[in-house]
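Reader: I've got the model up on my screen and I'd like to know what the labels rest on. Can you walk me through it?

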Amino acid sequence: MNNRKIIIAGIILLGILFSAVTQGQAAEDRLVQHSPVLCAARETPFELRFRVISDVRIEEARVYFRIKDTKNFYFTLARQQEDGEFIAILPGAKTEVSVIEYILMLIEEGQRAVKSSPFMLAVDDQQACNENHMTKMPDELIISSDEAIDPEIGFSGEYIIWDLPEENNSESAYLDGVAEQMQVLDMLSDASVDDAEDADTEDPAVSSSGSKTWSMNKKTLIIAGTAGAGAIALAGAIASGAGGSDGGIWSSVGETTDQAVAVLYKTPAEQSACGTVVTNQLFLTNNASEELRLGIVDYEVILTKDSPAGSCRPGRSGSFAPSSKTILAPGENVLLREWRNDVNPCSGCPYLSAECVWESRYIVHTSLGSAVAMSNFSAQGNLCTPSTAKGQTPEHGQQLCGDDVP
């Protein structure tokens, strides 16, 4: 492997890690459930739904959103329905948009603000997206912001009322620095009901829709999710050209290249209650001016934090062959694999009360070189409620598992 490329990749990776926002601990006085929207049709408004069970009154619920890699967020209000569910309508994205980033925000009694980690969703043709999230054209949709920002940055529609300040509004600027972090569980999971089924994983669902139009950053090493100490140590190892005493899967890495870019998205990246359903998406982009041929994909999940020692189960390693298309045209992006795992299901309660971090490393071998994608997953605290723990305490629980089944 070219040493100069290794050092540059390490520097890039360290920059990403040190700029990542540290995730705060989830509050214990609320339960938020939300199934992430993974795809939105171009120029079509769509709904985001989430549920909140809280000991305090929710004064306002917002959804902040922006085009990925732009500076400022817009936000719109989420309206609470009779059944307690919150629904927010987001405007349709312009045709040139490829990825939307959004954050859920709750403003509780006493002006305390809490926010979710960012969610990413692809923007694609209507036939490629699930119609369940699409909604009819609203009569009007009010879009606001905390900061002075121009309208129609990536979004447009005659139904939109742009209620944007002329100056930065410090009184309502909850997103940057003021809001605390909150944990969000998938709507398919239920932290208060014992699961009837004892199924840890679902079979991976490989996209059959073919090429996507995501615009990816041309870096070989990209981390999605929370940056941990283990990832920082790994970045140092890559920068120095070391991969550990036995090399692990790094011994299979060929010449890395910026012509092939792999990205692994893991949503959510943290777990604080049993039954968290984690969605994984592994993408590959061909940035070359020639065709790219896919080889096998090696993966390794490493336990980087185990506190107290012995509380967290080690990860695993393996490989698989792409089951979608194996030849990518210049500029083409494909979803290599998408899968969902029910991590530490409530049927397995009780679990040990611990703090665990696992790092997932995926190496996609191609005719142009190897592309590496990484992400982190953490589980912490007592994941089980009294009803799911079946009267037993965490001291008699089993080890926590990571999201390690592709």
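Author: Below we go through some labels one by one, with the values behind them. Keep in mind that this is a predicted model.

Reader: Fine. What makes up the secondary structure of the chain?

Author: There are 2 helices and 25 strands. Of the 406 residues, 52% are buried.

Reader: Why is His34 called buried?

Author: Its relative accessible area is 2%, and buried means under 20%, so His34 gets the label. You'll find His34 in the loop between strand E1 (30-33) and strand E2 (39-41).

Reader: What makes the pairing of His34 with the side chain of Tyr102 a polar contact?

Author: The two side chains come to 2.8 Å, and the cut-off for a pair of N or O atoms is 3.5 Å, so the pair counts. The His34 side chain also reaches the backbone oxygen of Arg49, at 2.6 Å.

Reader: And which residues have the most contacts inside the largest nonpolar core?

Author: Phe50, Val63, Ile100, Tyr102 and Leu106, in a core of 36 residues. Strand E4 (58-67) is one of the elements giving two or more residues to this core, and E4 has the largest share, 5 residues. A second, separate core has 20 residues, including Ala262 and Tyr299.

Reader: How do you know that Arg62 and Glu60 form a salt bridge?

Author: Their closest N and O atoms are 2.6 Å apart, and the limit is 4 Å, so they qualify. Side chains of opposite charge can pair when their charged atoms come close.

Reader: Are those two partners buried or partly exposed?

Author: One of each. Arg62 has a relative accessible area of 6%, under the 20% limit, so Arg62 is buried. Glu60 has 27%, which falls between 20% and 50%, so Glu60 is partly exposed.

Reader: What makes Asp404 and Arg316 a link between distant parts of the chain?

Author: They meet in a salt bridge at 3.6 Å, N to O, yet they are 88 residues apart. Asp404 sits in the segment after strand E25 (369-381), and Arg316 in the loop between strand E20 (292-307) and strand E21 (317-320). With 10% relative accessible area, Asp404 is buried, while Arg316, at 43%, is partly exposed.

Reader: How many salt bridges does the structure hold?

Author: It holds 14. Glu47, Arg49 and Glu85 are linked in a network of salt bridges.

Definitions and conventions
Residues numbered from 1 in each chain as written. Predicted model: local features only at pLDDT ≥ 70, side-chain atom pairs only at ≥ 80, totals over all residues. Heavy atoms only, no water. Helix = DSSP H or I, 4+ residues; strand = E, 2+ residues; numbered from the N terminus. Buried < 20%, exposed > 50% of the residue type's maximum accessible area, 1.4 Å probe, protein only. Polar contact = N/O pair within 3.5 Å; in protein donor to acceptor, adjacent residues only side chain to side chain. Core = buried A, V, L, I, M, F, W, Y, C linked by side-chain atoms within 4.5 Å. Salt bridge = Lys/Arg side-chain N within 4 Å of Asp/Glu carboxyl O.
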